Amino acid sequence: FTHSYTSSGTQIVQFVATNSNGTNTVAAEITITINPLPNVSFNTSPSSCTLPVPLSVTNNSSNGNYSYSWEFGNGQTSTSNTPSNIEYDSEGTFPISLEVTNTSTSCSASLTKTVEINEFIADFTLSKNEICVNEQLNLTDNSVGATSWSWSNGNNINYSNQNPILSYNTDGTYDITLTATNNNNECVSEVSKTLTVNPLPIINISASPSSGCAELDVAFTNN
């Protein structure tokens, strides 16, 4: 017969034989040692939001006479206690598994977690690349996954809505900057684009003569 032990420790097993008279006799006594399984625990954290994304690994598993076998779901493997130089070249959800083996007892245990890799890039479009003074400009956020926005119009005015509308009362060249944040994974990205604001035309027309009797011939001059 077979018996499974779920807890570590030492167990004494007695095999008792019963004769025809009903007398019990210990026929055999065996000591069973059940070794504990290794503790497997680790944490991972993407340390960037731009591909390729490095992965930070913290191993909280049993330490000492143990070996480690890692698989990161991207083709990379490691036998280090705390692997380094792990990175992901594409977005997606990847399984990460760690098997820990006690090199003295050969007992092993494993744990699998997943890590989500996202590339977060701020982006926006301007309704026009050039406008005139006091003309309305529409900004459209194109950042995928952004949950908050911080805009600077390059003229000491800031906005926090997703798609602001702005105008300028002074001509010049302005760098409009968007800082987009994904509060779910703490990714932050920044992008700037240049806007040209042209001055309004100056209208100066003179008439000569400006008064007189009919029939009056007036010459208009664009100055």
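This is a predicted model: local features need pLDDT of at least 70, side-chain atom pairs count only at pLDDT 80 or more; totals for chains, interfaces and linings use all residues.
A charge counts as sitting over a ring if NZ of Lys or CZ of Arg is within 6 Å of the ring centre and within 35 degrees of the ring normal.

**Around Phe-42**

Lys-113 lies over the face of Phe-42, at 5.2 Å from the ring centre. Phe-42 itself is buried, as its relative accessible area is 0%.

The structure holds five aromatic pairs, and two of them are set out here.

| Ring pair | Centre distance | Plane angle | Geometry |
|---|---|---|---|
| Phe-42 and Trp-70 | 5.2 Å | 70° | edge-to-face |
| Trp-70 and Phe-72 | 5.7 Å | 5° | stacked |

The planes of Phe-42 and Trp-70 stand at 70°, so this pair is edge-to-face. It links distant parts of the chain, with Phe-42 in strand E3 (residues 42-46) and Trp-70 in strand E5 (residues 66-71), 28 residues apart. Trp-70 is buried too, with a relative accessible area of 0%. The planes of Trp-70 and Phe-72 are at 5°, so that pair is stacked. Phe-72, like Trp-70, is buried.

**The five-stranded sheet**

Elsewhere in the model, what is the strand order of the open sheet of five strands? Reading across, the order is E11-E17-E16-E13-E14, and the pairing is mixed. Strand E11 (130-132) and strand E14 (158-159) are the edge strands, each pairing on one side only.

As a reminder, strands of a sheet pair through backbone hydrogen bonds, either parallel or antiparallel. Strand E13 (residues 148-152) and strand E16 (residues 172-182) run antiparallel, joined by five bridges. For Ser-152, the bridge partner in E16 is Thr-177.

**Thr-181 in strand E16**

Strand E16 also carries Thr-181. Is Thr-181 buried or exposed? Its relative accessible area is 17%, and the limit for buried is under 20%, so Thr-181 counts as buried. Leaving aside residues up to four places away in sequence, Thr-181 touches Phe-120, Ala-146, Thr-147, Ser-148, Cys-187 and Val-188. One of these contacts, Ser-148, falls within strand E13 (residues 148-152), the antiparallel partner of E16.

Technical notes:
Residues are numbered from 1 along each chain as its sequence is written. Side-chain values use heavy atoms; hydrogens and water are left out. Two strands pair if DSSP finds at least two bridges between them. Helices (H or I, at least four residues) and strands (E, at least two) are DSSP runs, numbered from the N terminus. Rings of Phe, Tyr and Trp (its six-membered ring) pair if their centres lie within 6.5 Å; planes under 30 degrees apart count as stacked, over 60 as edge-to-face and the rest as tilted. Buried means under 20% relative accessible area, exposed over 50%, partly exposed in between (1.4 Å probe, protein chains only). Contact means heavy atoms within 4.5 Å.
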